[in-house]
Amino acid sequence: KAARNKVALTNAVRKHLPTYLELMRTHIQKEDHVVYPMADQIFSKADQRDLARAFDRVENETMDADAHARYHRLAHELAGRPAPAKRSAHPRPGRRN
């Protein structure tokens, strides 16, 4: 029964993954072309460094060091595609990745 549940769950994720990917692409596009440029205008470089440090601190307190890599591998596995060799950290105001 557990194997059937895993297969059903995997199939459900694969079914809905294209919609989620489109949502994420739209979200990232808005961040890159609206939110980050606005943040660059509003926050000083010192503010941006402070924010980046605060984000890193919270992330380090709430997630283990390999969490991002595991989630990226899982997403690629569920999509049936090989994961890229390495991915940089998510972008933040003032940082373009």
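1. Why are Arg57 and Glu61 separated by about one helical turn? The two residues sit 4 apart in helix 2, and therefore about one turn of the helix lies between them. The cut-off for a salt bridge is 4 Å. Arg57 counts as partly exposed because its relative accessible area is 48%, and values between 20% and 50% fall in that class. Glu61 has a relative accessible area of 59% and so counts as exposed, the threshold being over 50%.

2. The model is a predicted one, and its confidence should be read before its details. The chain has an average pLDDT of 85, and 88% of the residues score at least 70. Helix 1 has the highest confidence, at a mean of 93, and helix 3 (residues 67-79) the lowest, at 83. Over residues 92-97 the pLDDT is below 50, although this stretch has 20 contacts in the model beyond near neighbours in sequence. Where pLDDT is low, predicted coordinates should not be read in detail.

3. On the overall layout: the chain holds 3 helices and 0 strands, and the pattern along the sequence is α-α-α. Helix 1 covers residues 2-42, helix 2 covers residues 45-62, and helix 3 covers residues 67-79. Of the contacts in the chain with a separation of 6 or more, 57% are between residues 24 or more positions apart.

4. On burial and surface: the chain has 97 residues, and 10% of them are buried. The accessible surface of the chain is about 8,100 Å². Carbon and sulfur atoms account for 59% of that surface.

5. Gln48 is a polar residue to check by eye. Where does Gln48 lie, and is it buried or exposed? Gln48 belongs to helix 2, and its relative accessibility is 6%, so it counts as buried. The side chain of Gln48 makes a polar contact of 3.4 Å with the side chain of Asp40. A polar atom of the Gln48 side chain also lies 3.1 Å from the backbone oxygen of Phe43.

6. Together with Val34, Val35, Met38 and Ile42, Phe43 makes a nonpolar surface patch of about 450 Å². One of these residues, Val34, is placed in helix 1. Val34 counts as partly exposed because its relative accessibility is 41%.

7. Side chains of opposite charge can pair when their charged atoms come close. The side chains of Arg53 and Asp50 form a salt bridge with an N to O distance of 3.6 Å. Arg53 is exposed because its relative accessibility is 53%, whereas Asp50, with a relative accessible area of 45%, is partly exposed.

8. A further salt bridge joins Asp64 to Arg70, and its closest N and O atoms are 2.8 Å apart. Asp64 has a relative accessible area of 42% and so is partly exposed. Arg70, at 37%, is partly exposed as well.

9. Which residues does Leu78 touch, not counting residues up to four places away in sequence? Leu78, found in helix 3, touches Thr10, Val13, Arg14 and Leu17. Leu78 and Val13 are 65 residues apart along the chain, with their C-alpha atoms separated by 7.2 Å. Leu78 counts as buried because its relative accessibility is 18%, and the limit for that class is under 20%.

10. Ala79 is also in helix 3. The distance between the C-alpha atoms of Ala79 and Val13 is 8.6 Å, and the two residues are 66 apart in sequence. With a relative accessible area of 30%, Ala79 is partly exposed, whereas Leu78 is buried.

Notes: Residues are numbered from 1 along each chain as its sequence is written. This is a predicted model: local features need pLDDT of at least 70, side-chain atom pairs count only at pLDDT 80 or more; totals for chains, interfaces and linings use all residues. Side-chain values use heavy atoms; hydrogens and water are left out. Buried means under 20% relative accessible area, exposed over 50%, partly exposed in between (1.4 Å probe, protein chains only). A polar contact is a pair of N or O atoms within 3.5 Å; within protein, one must be able to donate a hydrogen and the other to accept it, and residues adjacent in sequence count only if both atoms are side-chain atoms. Patches are made of residues with over 30% relative accessible area and no salt bridge: like charges are joined within 9 Å, nonpolar side chains (Val, Leu, Ile, Met, Phe, Trp, Tyr) within 5 Å. Accessible areas come from the Shrake-Rupley method with a 1.4 Å probe; for residues, only the protein chains shown count as cover. Contact means heavy atoms within 4.5 Å. pLDDT is the predictor's confidence in each residue, from 0 to 100.
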